[in-house]
Amino acid sequence: MSSADSRYTIVGATPEQQAAIDMLASQFLLTDERLGAIIKEFRRRMEEGLAADGRVLKMIPSYVTRRPLGSEVGSYFAIDLGGTNLRVLKVTLDGRGGVTSEHQKFALTEEAKSRTLFDFVAQCVDTFLDERNLRPLGQQPPIPMGLTFSYPVQQTSINSGTLVQWTKGLNVPGCVGRDVVRLLQDALLRLGLRVKIVALVNDTVGTLLSAAYSDPAAQMGIIFGTGTNAAYYEDVANLAKWKGPNPSSGEMVLNMEWGAFDSDDFAFLPFTPHDIKLDRKSINPRKQAYEKMISGMYLGEIARNIILWLADQRLLLDGRSSEILNAMWSVDTSYLSSGAVDTTSDLSEIQQVIEKTLNISNSTFVDRQIFKVIAILVGERAARLSAVGVVATLTKRSDLLNKPITVGIDGSMYEHYPYFHDILVETASHFIPQEQFKNINFTLAKDGSGVGAAITAMLAATYDA
């Protein structure tokens with residue numbers, strides 16, 4: 001199918017090597033017809049998730065029902081609790097869509113991860129406020145704060161949610177099934193801190209709101225990084241499962257949890273044996289199928305599986321491997337991003353990766369060309385598949401596409417992977433009418449988990465979200 005595309009023609013390859021590359025290209029290069037079918041199924045799964053809980057796409061109500069105006073001013077605070085670090089932030093809004101922020105980072109201690117998490121977080125907030133003389137005294141009102149909590153939570157209001165389970169190596173007893181905001185609020189009270197957690201925020205919702213303060217026409221926030229997810233403003237009339245009061249704005253931000261698409265039946269995404277092998281050996285088999293095809297955490301491992309498949313047939317590296325290459329996760333996605341754009345005459349950057357990083361000596365020029373093709377195929381498929389979720393979600397509210405709207409995107413894949421933005425946008429343009437597509441502005445929205453959480457706190461404190 002593809003050796004007609006010169007990018008996949010290997011100079012000096014044997015017929016067997018070229019045939020294997022052509023086969024890979026036929027698996028990884030997706031036609032618009034194939035993508036169109038996946039978009040259609042994605043939309044169907046969105047509708048399922050809007051109608052009922054417990055579906056593949058969870059479409060979780062965030063309880064954020066307003067859009068920032070961009071004219072709000074003042075300083076707001078946020079706590080960003082991740083898997084290894086915690087940040088406390090002060091974010092200042094300038095009233096013209098601009099923000100400045102300062103933060104302090106704290107490494108989670110082993111004791112915090114296993115026992116004292118919420119007291120540890122409260123202590124970090126205390127340190128941050130004390131060192132900046134920001135601690136409210138006497139009759140001063142409490143400081144409103146947003147909390148980005150990167151663990152599975154069943155949200156029950158703008159500032160409450162019960163912990164579903166611990167992930168990312170945390171295991172603090174006595175928390176599952178309890179309201180995480182209440183647990184943190186109690187810890188803050190124990191220190192006598194006048195701080196009120198006014199918003200519990202998913203980092204993707206934060207990415208959307210971070211973009212929306214700069215541009216109130218922001219409709220969608222996406223993370224294309226180590227993992228992937230998206231949030232968007234939905235008309236509450238379309239949210240059949242919503243049993244709460246109808247917000248005055250008529251809309252609500254939904255956290256899609258879209259990385260799970262097609263995880264139940266593996267029927268629509270273009271699975272190859274290399275994807276199946278990754279999934280089978282991952283810590284969460286048959287989960288997050290879409291995420292595993294497009295995210296930075298996984299692309300290097302897909303490439304590693306392909307490299308070993310070719311080496312086992314003596315079509316690459318003369319059949320040789322190394323202890324490093326044999327280890328799961330040893331091929332970092334950054335090796336692919338540098339390899340995909342290696343334009344040196346002898347592909348010396350790829351040679352460095354193969355011979356120094358992966359410890360396989362004497363690579364040939366053919367070996368390096370094959371490595372480059374693998375990097376291009378895996379990365380291009382990821383970017384084109386990423387467009388599936390974007391198109392399905394934007395066309396869900398096609399009424400909004402008749403005027404300018406913004407899509408805020410954060411994450412290392414979008415920011416750093418070569419041509420990811422260009423391929424994503426170009427692919428999306430094939431599925432949205434040109435007169436609407438020209439209204440869409442794709443923009444980098446930095447630090448949704450920090451700045452976005454502070455902006456959500458501002459909405460909650462100012463407008464009751």
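I started with the hairpin that joins strand 6 to strand 7 through 2 residues; helices (H or I, at least four residues) and strands (E, at least two) are DSSP runs, numbered from the N terminus. The model is predicted, so I note that local features need pLDDT of at least 70 and side-chain atom pairs pLDDT 80 or more, while totals for chains, interfaces and linings use all residues. Residues are numbered from 1 along each chain as its sequence is written, and side-chain values use heavy atoms, without hydrogens and water.

I found strand 6 (residues 153-157) and strand 7 (residues 160-163) paired in the antiparallel sense over 4 bridges (pairing needs at least two bridges by DSSP). Gln155 lies opposite Gly161 of strand 7.

I checked confidence next (pLDDT, the predictor's own, runs from 0 to 100 for each residue). The protein chain averages 94, and 99% of the residues score at least 70.

I then looked up Thr204 in helix 5 (residues 203-214). Is Thr204 buried or exposed? Thr204 counts as buried because its relative accessibility is 0% (buried is under 20% relative accessible area, exposed over 50%, partly exposed in between, with a 1.4 Å probe and protein chains only). Leaving out residues up to four places away in sequence, Thr204 touches Gly221, Ile222, Ile223, Asn229, Ala230 and Ala231 (contact means heavy atoms within 4.5 Å).

Last, I noted Trp258, whose contacts beyond four places in sequence include Phe42, Ile222, Asn229 and Ala230.
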